[in-house]
Amino acid sequence: MVRKNQAPAAPTRRRGLVVGNYCHDVIIRDDVVVAETLGGASSFISGLLDGLEIPADYVSKVGPDFLYAVNHPPITSSTSPTTLFHAHFSSEPRREDRVLKRVSSCDPISPSDLPNARFDFGMAVGVAGEITPQTLEKMLDVCDVVFVDLQALIRVFDPDDGNVKLVGLKESGFFHLLPRIGFLKASSDEAPFLDVEEARKWCCVVVTNGKEGCRLYWKDGEVDVAPFLADQVDPTGAGDSFLGGFVAGLVHGLAVPDAALLGNFFGSLTVGHIGLPKFNSRLLQRVKDEVQRRKVQCIGFHERCNDEFKFTKSLGHEQFLASLGASRLTFPCPIQEYRWDLASSPDDLEQGIDPRYTTHQKYLLDSVFEEQINSVGTKP
């Protein structure tokens, strides 16, 4: 009896892949610890995608000292602790806004840590150098489109004191992968380390710019997308929520400018709460209804064709902005007073915040992962 050789089984097909470590964040003001929180972009993104019923696999690493319960369990390393950041603030006006230090780091995420599957989309959202060029290349191999947060590529860390610095993308070791990236998100403070005019030839570049909303760049054009009103309490994670909302919009079939509106919307909600926001079911259902309504409105005009995305605005974009704004009424942001304030510059408002409408002037902490790093590094 002759046995035929069996061909290897094809990888299973899954929806999304999110790669980036969870972290411990410690906020220090005038040498006094004032807050300890769960950090890492994956923690913000998972809450949003879960709420919008977008399934995804999450690949994160922590140490045995990890303190938090999360919906998507990480890989526990036996050889390294959980990544830990200290964000140092000062009440002295002559000093810079903050000094950010990586105190400890967990093992990097290797290509072999990724599932043996194919994915509709991937998100590379490292915060502490845990995503290597080899891992990003593997993500590009197994995902139809990959969304990358620039900070995952250009952050470096002083070997002596852990200070966070930024380097140009061309010096990062990732530049050769740029032509394969679908969307590259950068804050306005990170954009100088990226040659936007060069990058837009290869992928869509999304630059978030606080009170100005965000701007989309692609090879054939660019467009501004408006912000939402916000009462800022804590901007931590606003950029992560923006990226999660942006991806969710595209996954649900929106055009790129409409998806960016959704990103601005969730970024603006995030700054109204301390730490991870808890989006209530009424809000999420309202958002899903508005997204579906917008998608139906644009069928035949904004529909993806041959795996291409629609980048231009169409009629109804401003109405979608207004409808999402009205949905905020189902997401209460209680007014709170805090024991101390931090000075905030316009650049601190990472996403979707117009200071003309900001009523809270007291902040518990500023963004560990999206705020400008003023104290170290120079622009290329």
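## Sheet pairing and aromatic contacts

Strand 2 (residues 23-29) runs parallel to strand 7 (residues 83-89), the two being paired over 7 bridges; strands (E, at least two residues) and helices (H or I, at least four) are DSSP runs numbered from the N terminus, and two strands pair if DSSP finds at least two bridges between them. The model is predicted, so local features need pLDDT of at least 70 and side-chain atom pairs count only at pLDDT 80 or more, while totals for chains, interfaces and linings use all residues. Residues are numbered from 1 along each chain as its sequence is written, and side-chain values use heavy atoms, with hydrogens and water left out.

F85 in strand 7 is the bridge partner of D25. The open sheet has 4 strands in the order 3-2-7-8, with mixed pairing. Strand 3 (32-39) and strand 8 (99-104) are at the edges with a single partner strand each, so one side of each has no neighbour in the sheet.

There are 12 aromatic pairs, counted where ring centres of Phe, Tyr or Trp (its six-membered ring) lie within 6.5 Å; planes under 30 degrees apart are stacked, over 60 edge-to-face and the rest tilted.

Y22 lies in the loop between strand 1 (12-19) and strand 2, and F66 in the loop between strand 5 (61-62) and strand 6 (75-76), so their pair ties together parts 44 residues apart in sequence.
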